[in-house]
Amino acid sequence: MFDFVSFIPRAVVQGIPLLYGSTGETLTEKSGNLNLGIPGIMYMGAISGVIGSFFYEQSTTPETVSVFLLLAIPLLCSLIGSLLMGLLYCFLTVTLRANQNVTGLAITTFGVGFGNFFGGSLIKLSGTQVPAIILSTTSGYFSRPLPFADRLGWFGKLFLSYGFLAYLAIIIALAASFVLNRTRTGLHLRAVGESPNTADAAGINVARYKYAATCIGSMIAGLGGLYYVMDYASGIWSSNAFGDRGWLAIALVIFTIWRPNVGILASFLFGGLYILHMYIPSGMNLAIKEIYKMLPYVVTLIVLIIVSMRKKRENQPPASLGLSYFREDR
Amino acid sequence: MDKKIPAVSLHGITKTFGSTVANDKVDLDIYRGEILALLGENGSGKTTLMNMLSGIYFPDAGQIAIDGKDVVIASPKDAFDLGIGMIHQHFKLVDVLTATENIVLGLEGKLDLKAAAAKIRSICDAYGFEVDPNQKIYDMSVSQKQTVEIVKVLYRGADILILDEPTAVLTPQETEKLFTVLRNMRNDGKAIVIITHKLHEVEAISDRVSVLRHGQHISDLTTARTNAQEMTNMMVGHAVTLNIDRPAPFNPKPRIVVEGLTVRSSDGILKLDDVSFTANSGEILGIAGISGSGQKELLEAIAGLQPVESGSIFYVEDDGHRQELLQKDPQEIAALGVSLSFVPEDRLGMGLVGSMDLSDNMMLRSFRRGHSVFTDRKTPHHLAEKVVKELEVSTPSIATPVRRLSGGNVQKVLVGREISSAPTVLLTAYAVRGLDINSSYTIYDLINRQKKSGVAVIYVGEDLDVLLELADRILVLCGGKVSGIVDGKKAQKNEIGMMMTRLGGEA
């Protein structure tokens, strides 16, 4: 019998970083910026939080530690780190109108390298034997489940057993959907991504919307990296552990056809597909597991095919996605 | 009238793009309760001038005054605040949004789409528009989109309206409807500027005319006291004859025979339904119809670019031998001398590559010729020079990317190249779309020359007046069906207009 009560919570915790990443990328793409730097930005969000948390943990003892600072410092560091990456991307693509794909890929390479380099430096500083940083005090607070989680049986395990960042991801996704579909800001943002010419002629400040959406999107994606280290990985940073989750988050944007609220369940589905190979008995044949690992990407391809075949206009990517905008261009 | 304070007063406006001077010290006054027609050739700076009024461009020099007060218009928002609304030639609408969402775009405050829809309905009732506030833009016809644009500026309380070539894409009936609405708005005390180069429209709608030439303001005329000939002369700078030649068909023999042609688009919509006709050599067959009635599919089917569901297309050689075109690929069809020059709405979409220069674009037709791996760059270069000279293309040089040229000049390059390939069948659609009088006449002349040399010309046109003067026979399409084929010399404009909207033209 397939053990759903243990499978679903693991799928959810796998899904949360993807949800952060895809919500952030959806907001960004709605402004017409195709930010392929998301994987690097999630790395940056993670390592920035780790750096802040590492120095705070080093500077205090268990007696003098403040819970507030223990949570606030990594959060703030993570947000600032990913914000800077978002600003860099915007400066290059919006202000200087550089090619978005090239810029995004450069940011990803930079973010991953930055994370591994400073992660390595911290490991040296901490002087441990294992090639990892262990921030168990901080992680303890980040991954603390809601009260009563362990007293409510399967219900508690399925719904209450996650750290606060997991619930925050869902709230942010719902809020992003609300803003996009129900508010004037969202309407303007969609117009900027669909047709910057039109938005500009309507008196909307295109550059400001692009900057704001991309930077906020980057910060949200950065939190996904922080969640991964502090909650999912129990505060253990090691090089390249985050893997290809950033790309999976970008695939998730297409999978959800640019809808953050759909992203909530879709990210859990992706999380489930990502770890399905551990739950399928495959004996000694490890090659089979590799095939299962492809599932999220296969599903994305299938969704792309179906969406393209149905040709519904609402399901297409924002029309000016990937293009830079200059008002007096002829 | 001289005592009135102008609603808008432009003084010494200058704007340059690189080395091109688009506007050179232009002075212009616009009054309320009046329709001003802004007349000029392509590239004479009409649109640029109005774009500065609506905040899209910023003038390099000069002063703008609204109601006698000097203002600075630095952004579209400034223009709205001053009550200036512009309806652009290329609509500024977001396809996936509804009419209401597009209309409230850019406004402040809480988003209340229901209240906005109610206000839209009341504006529509006041001026006689028909708009469904909840319809998506991509579901709308061109004329509906234009209506949304006009409602959009009225919704913002604009009382100075600028319309950039509003009739270019409308049928005669739709144009008449638009003019009625414009007259209603004028009587309501609004100032209206209409950019156009159709003289009969200037005469029909405007109170005053301002003529621009090469970026300079030439003169102001009162419409009632001028005529088409005078306006044309001012626009062009020298006398031009306004009659289109129609030489008698030269030795007409069937060249293209289409029988029962049926075409479906990839989404399964019937685009052409049982279309049959014959195009003769040495004759111009005009094709009239509301845009999207199957003109594009028809030309593409003949050129071999469009999959056909049923029917046949024959190419008849001089000795009467028939060849079925449907079994040939576009290259073989082109080798027979069938040449397609289709000018789509965005002009560059088919036929030219925007970022390539003139001679490279000429080469797109000829690069397969020659036997070595290296391309022949000399012939296309000479051809480009010839086209630039004969059609008076205004371009800084042959090496300028086509994208940088103004719309009319792009079109001249395309048509010039197609004609130069010495075709036996010339398929052309909207060859003069957006072109000024002078260039249009050059193109008509080129087409007539082709006709005289025995080419079968199929000319898809928008302007019925021109079709009636140019074409020997006119085929009218209505919703993909042949509504009728009439004699160009005898047909009446109204008759064709009716046939465009109803099969056979019966009321």
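How many Å separate the centres of domain 1 of chain B and domain 2 of chain B, taken over C-alpha atoms? Keep that in mind as you go through these points; and remember that this is a predicted model.

1. Start with chain B. Its domain 1 covers 8-236, while domain 2 comes in two pieces, 253-337 + 465-507. Taken over C-alpha atoms, their centres are 36 Å apart. Where these two domains of chain B meet, domain 1 puts in six residues and domain 2 puts in seven. On the domain 1 side of that contact you'll find three nonpolar residues, three polar ones and no charged ones.

2. Now look at where the chains touch. Chain A brings 22 residues to this contact and chain B brings 19. On the chain A side, helix H8 (184-194) and helix H9 (196-201) each supply at least two residues. Sort that chain A side by type and you get ten charged, six polar and six nonpolar residues.

3. Next, have a look at Ser234(A). You'll find it in the loop that runs between helix H10 (206-232) and strand S2 (236-237) of chain A. Ser234(A) counts as partly exposed because it has 14 C-beta neighbours inside 10 Å.

4. Buried or exposed? With 11 other C-beta atoms within 10 Å, Asn240(A) is exposed, since the cut-off for exposed is 12 or fewer.

Note on methods
Residues are numbered from 1 along each chain as its sequence is written. Chains are lettered from A and ligands numbered from 1 in the order in which they are written. This is a predicted model: local features need pLDDT of at least 70, side-chain atom pairs count only at pLDDT 80 or more; totals for chains, interfaces and linings use all residues. Helices (H or I, at least four residues) and strands (E, at least two) are DSSP runs, numbered from the N terminus. Ala, Val, Leu, Ile, Met, Phe, Trp, Tyr, Cys and Pro count as nonpolar, Asp, Glu, Lys and Arg as charged, and the others, Gly among them, as polar. A residue is buried if 20 or more other C-beta atoms lie within 10 Å of its own, exposed if 12 or fewer, and partly exposed in between; C-beta atoms are placed from the backbone. Domain bounds come from an automatic or database domain assignment.
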